[in-house]
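Work through the exercises below with the sequence and the model open. Each task is followed by a solution in steps.

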Amino acid sequence: MTPHWQNQLMKCEMIRASRSPHHRARASAMASRTVQKSAIPITNPNAVKPPEANGTPKEGDSSSPQVSASQATLNGSPSTVSIQADHPSATVAPIGRPTAPKPPENTWTSLDMGGVNIKNIPPTSGLFSFSFLINLYLNHNALTSIPPEITKLRHLELLDLSGNNLVTVPPELGMLTSLKELYLFDNHLSTIPYEFGTLHQLQTLGIEGNPMDPVLKHMVQEQGTPALIAHLRDTCPTPVPPPPRLWNNFVTQSEREAMQTDPNVETFTVLCYNILCEKAATSRLYGYTPSWALMWKYRKDLILKEIQSHDTDFVCLQEVDSANYEDFFLEHLSEQDYAGVYWPKGRYKTMSDADRRMVDGCATFYKASKYTLVENHLVEFSAAAMQRPDFKKTDDMFNRVLGKDHIAVICLFENKETGTRLIVVNTHLHWDPQFRDVKLVQAALMIEETQKAADNFAKYPPRPPAPVSTNGTANGTSTSDNNASSRPPPTYSDGTKIPMILCGDYNSINPSGVYEFLSQGNVPPDHADFMSHVYGKYTSEGLRHKLNLKSAYSTVSEIPFTNFTPSFQGVLDYIWFSTPNLAVNAVLGEIDPSYIAKAVGFPNVHFPSDHVAIAAEFRVKPPKDPQPQRPPPVFPESSSSR
């Protein structure tokens, strides 16, 4: 007999000994009366799960609903809780980030309804409003079914349904991804739903005492619960894909038609997408995803399809490693008229040629037939911080900022037909919520470098007008082509007059210091996100900028999420734009809510990253400054892309 099956049988016998009414609640109450409260350990008379009896105050810090390591050990769990694992490449947050939803605070988190002959739980039961529950005991009743509404109890870590009359269990239980113990002992179950494959934290699935499929039972006997869960996950039939995402338009159809025929209206589109780099897509972090759907050879085609389907003028990607930029994206996107600029994160400088090809960075693609790349600038935040005199003697800068190699890439473009200039910034800020100060410093450095680049770009003279052909139009084209070539190229008195787009994974929610700084243009020197650390003028005078930025999606309301995992759903990615010279025509809409309601998290078979792509269409506002005559320009050579 294997240790896996010995453990299964031991827990089965303990559960069978708990058939009396409210067994766990009574045992816990008895322990509370016989031992001084201050000395009561969190114990379970069945050694299965540390219980808290109905209404008994929870021991310890009520603000921390997570199971402690000692509790996990009593439960047969590893002493190190898996949700505390950090991302190996430090490019996205760990599964247990502090911004993840937590159970509502309550004085008790366990409910024992065992052994009281319950025959039916209606879908409207108030039980399903107890979203704070961590342990639920429904064992040894007379239940013949479990309503799918039980999935409202998203924070459950232990669910005991043993000793009932269940012939099936709802596939929706696969949505309870926090489950570590699921006891189905002594029912009438012959199979387990494929949807249980998403229960990536499940350590014990109790199946003894059921007429179970011999193949599934043998798998548990020989290899344990994790092997069965992995089997279900990797063999689960592919679900129906969601309908295509629709664009939310902020202009009417008649207005759009008028813009398309007006040669003086200039529009462009932008897509931003953290694609989840190949090295970071591991089963340790994304255990709910089929292993074959995590493989790069599967994901890369979905990513490319997503980019090509929108065919935007600019594409800003994060977490692109050097090898896949050169060997995959550049090759395929060049067939769709894209040229690219790429910079890896700073760590590549210390690595061998083979290793540096796996370092991720930021890739910016643009339509080469429409735009000229005038320059591109790499901003390494740690290097930029070192160059600030007020940072040089700051311990916090050395201890917190310098160890992070995140970057921003600033690209300066000019429209080949109109001469309109455009600045596109692509960035990826640090992920860790414990380093909110670093995120804020990185955002401030990005803005400063963008302002410098913009001011220099504004000093460049305009390009000469296009030669007029014999038919009286520029380059032989017609103004009906909506290229605005009949307009003289604009001039810019300073950098703030140039249209700006700042894309990226900012790893910051709203509200946060980063969001406040970018959207409002300032944060005070004592802002909470500085976390009382010292960063020169940033923490003595505060942060300010005059770019008048706004998130494209905030025109109506932010998209429900750009990052979707079992432990976190929220907006981390943004497309910021300069409001004095740009306006939003449309944004790419959200994923179908009915699909999301049945999904555990991304990546999955339809979405190849834990982030989703966001996109927007902008129109350039006519410049308000008078357009003075300037001497013929002398343009520098375009910077070569990496």
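**Exercise 1: Helix α5 and its neighbours**

Task: Find the elements against which the buried residues of α5 pack.

Solution. The buried residues of α5 pack against β5 (204–206), α4 (214–223) and α7 (291–294). The model is a predicted one. Next, list the buried residues of α5, which spans residues 225–235: T225, A227, L228, I229, L232 and R233.

**Exercise 2: The partners of strand β21**

Task: State which strands pair with β21 and in what sense, and locate the residues opposite V587.

Solution. Start with the strand itself. β21 covers residues 582–588, and seven of its seven residues are buried. One partner is β6 (residues 247–249), which pairs with β21 in the antiparallel sense over three bridges. In that pairing, N248 stands opposite V587. Another partner is β22 (residues 614–620), joined to β21 by five bridges and also antiparallel. Here the residue opposite V587 is A616. V587 therefore faces N248 of β6 and A616 of β22, by the rule that strands pair if DSSP finds at least two bridges between them.

**Exercise 3: The largest nonpolar core**

Task: Identify the residues that touch the most other members of the largest nonpolar core, then trace the contacts of F329.

Solution. The core has 101 residues, and F268, L317, F329, I501 and F618 touch the most other members. Helix α13 (residues 436–459) contributes the most to this core, with twelve residues. For F329, leave out residues up to four places away in sequence; the contacts are then I275, W296, I303, I307, L317, V320, N324, S334 and F365. Another core lies apart from the largest one; this other core has 40 residues, including F132, I150, L173 and M219.

**Exercise 4: The packing of α8 and α9**

Task: Describe how helices α8 and α9 pack, and list the residues that meet.

Solution. First the geometry: α8 (residues 296–310) and α9 (residues 322–333) pack at an angle of about 35 degrees, their axes 11 Å apart. The crossing of α8 past α9 is right-handed. Then the residues: from α8 come W296, K300, D301, I303, L304, I307 and Q308, and from α9 come N324, F328, F329, H332 and L333. For the spacing along a helix, recall that an α-helix has 3.6 residues a turn, so residues three or four places apart point the same way.

**Exercise 5: Two burial assignments**

Task: Explain why L276 and N135 count as buried.

Solution. The cut-off for buried is under 20% relative accessible area. L276 counts as buried because its relative accessibility is 0%. N135, in strand β2 (residues 135–137), counts as buried because its relative accessibility is 2%. The side chain of N135 also makes a polar contact of 2.7 Å with the side chain of S110.

Note on methods. Residues numbered from 1 in each chain as written. Predicted model: local features only at pLDDT ≥ 70, side-chain atom pairs only at ≥ 80, totals over all residues. Heavy atoms only, no water. Buried < 20%, exposed > 50% of the residue type's maximum accessible area, 1.4 Å probe, protein only. Helix = DSSP H or I, 4+ residues; strand = E, 2+ residues; numbered from the N terminus. Polar contact = N/O pair within 3.5 Å; in protein donor to acceptor, adjacent residues only side chain to side chain. Core = buried A, V, L, I, M, F, W, Y, C linked by side-chain atoms within 4.5 Å. Contact = heavy atoms within 4.5 Å. Axes fitted to C-alpha atoms, helices over the stretch in contact; angles between N-to-C directions. Left-handed = near helix turned anticlockwise from the far one by under 90°.
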